[in-house]
Amino acid sequence: MKSRCFFYKKKNYSIVSNGVVTKKSYSNIALIKYWGKRKNKIQIPMNSSISYSLEKVYTVTKLIYSLKEIKKKRSIKIFFSGKEKTNFLPKIFEFFHRISFYCSYLRYFNFVIKTDNTFPHSSGIASSASSMSALALCIMEIEKKLDSSLKEAFFLKKASFLARLGSGSACRSIYPGLVVWGKHKSIKGSNNLYSIPYPYKIHPIFKKIWDTILVIDEEPKKILSSKGHQLMNHHPYAKERLKFANRNMDQLISILKIGDFPKFGELIEHESLNLHAMIMTSNPYFLWMRPNTLHVLHKVWDFRKQSKKNIYFTLDAGANVHLLYPIQEKKVIIRWIYSELIYYCKKIIESFCQ
């Protein structure tokens, strides 16, 4: 694993006075969830995680930068869907503070951030992942303008490293396909500082996965994921959760190779329910699921038993449900979803797991 200083480049940049960069970055859905951060560490996960990027669920960010007066403090403004959002500023300022050592050129600029999503923010569809990774990509695009020798591999690796300092899961949104973040003994190249594309053989069935997202609740979560991560530091079951996650990752490596979709589905369902069990048994405890979340889960179980179709769910840190299934079975499953599940959700988002 490279040290953090690998991403620090002490050199004189060719500073330009102003400019605009625009980047798109995708949300992701974790199959093995990262839950909990190493105590007294900045954005270092307790366990490794693996996710799919979602083609239709993304953030587009425009970063406008202009040369500032040296003695003045940096100015940052942020607009979401055309409206200024001052409540987003503390997180953005903290992010810029964290990355300042690795991106020294940022001190020369003021910034205006204009961002928009194709999905509701802060509702449990990893909006922080797509937004912080899009911002990290914009920052790396500035660095590329200042340093023409920058190679693509380094560009992406550092973007993942920076994104992690804004939101842990954001580091997985830099790459398409299956992406791993967090050191795991069975995955070569995996580390805690940035993500890597999944390095091993994947059965063809897992290269054509469809994700139907049932948006049960569009409102921002009352308890943010960052709070839930903090509660893992004193959780009575934290050690068992870590063992469980590592064991699931080992099992998933084998499943991805042989193409056993039912075992894949059972594992991701169990993994997501284990995550929510940790949430419900933390102190203080809380619930992200809503009554309609539970209705959907039972409906899926019943339909799968009756139809023998390969449809399985996973949940992130929220009330919304991701239904994963092979594209080959999409026709029948989509018809059932729109006839039986549409009543339980505010909207439905369809996306290919790219």
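Visitor: At the start of helix 6, which backbone nitrogen does a side-chain oxygen of Asp-260 reach?

Guide: The model is predicted. Helix 6 covers residues 261-280, and Asp-260 is placed at its start. A side-chain oxygen of Asp-260 comes to within 3.1 Å of a backbone nitrogen there, that of Lys-263.

Visitor: How far apart are the end C-alpha atoms of helix 6?

Guide: Helix 6 has 20 residues, and at 1.5 Å a residue it should span 28 Å.

Visitor: How many residues apart in sequence are the parts tied together by Lys-33 and Asp-316?

Guide: The side chains of Lys-33 and Asp-316 meet in a salt bridge, with 3.1 Å from N to O. Lys-33 lies in the loop between strand 1 (18-32) and strand 2 (49-67), while Asp-316 lies in the loop between strand 9 (312-315) and strand 10 (321-326), so the parts joined by this pair are separated in sequence by 283 residues.

Visitor: Are Lys-158 and Glu-143 buried or exposed?

Guide: The closest N and O atoms of the salt bridge between Lys-158 and Glu-143 are 2.9 Å apart. The pair links helix 3 (residues 152-166), which holds Lys-158, to helix 2 (residues 127-146), which holds Glu-143. Lys-158 and Glu-143 are both buried.

Visitor: What is the relative accessible area of Glu-340?

Guide: Glu-340 forms a salt bridge with Lys-299 (3.5 Å, N to O). Glu-340 is in helix 8 (residues 330-340) and Lys-299 in helix 7 (residues 291-307), so the bridge ties together parts 41 residues apart in sequence. Lys-299 is partly exposed at 27%. Glu-340 is also partly exposed, with a relative accessible area of 31%.

Visitor: How many salt bridges does the count come to?

Guide: The rule takes a side-chain nitrogen of Lys or Arg within 4 Å of a carboxyl oxygen of Asp or Glu. By this rule, the pair Lys-33 and Asp-316 is a salt bridge, and the count comes to eleven.

Visitor: Which residues is Phe-96 in contact with, leaving aside its neighbours within four places in sequence?

Guide: Phe-96 is one of the residues with the most contacts inside the largest nonpolar core. With those neighbours left aside, its contacts are Arg-74, Ile-76, Leu-106, Phe-111, Ile-113, Leu-135 and Ile-139.

Definitions and conventions:
Residues numbered from 1 in each chain as written. Predicted model: local features only at pLDDT ≥ 70, side-chain atom pairs only at ≥ 80, totals over all residues. Heavy atoms only, no water. Helix = DSSP H or I, 4+ residues; strand = E, 2+ residues; numbered from the N terminus. Buried < 20%, exposed > 50% of the residue type's maximum accessible area, 1.4 Å probe, protein only. Expected span 1.5 Å × (residues − 1). Polar contact = N/O pair within 3.5 Å; in protein donor to acceptor, adjacent residues only side chain to side chain. Core = buried A, V, L, I, M, F, W, Y, C linked by side-chain atoms within 4.5 Å. Contact = heavy atoms within 4.5 Å.
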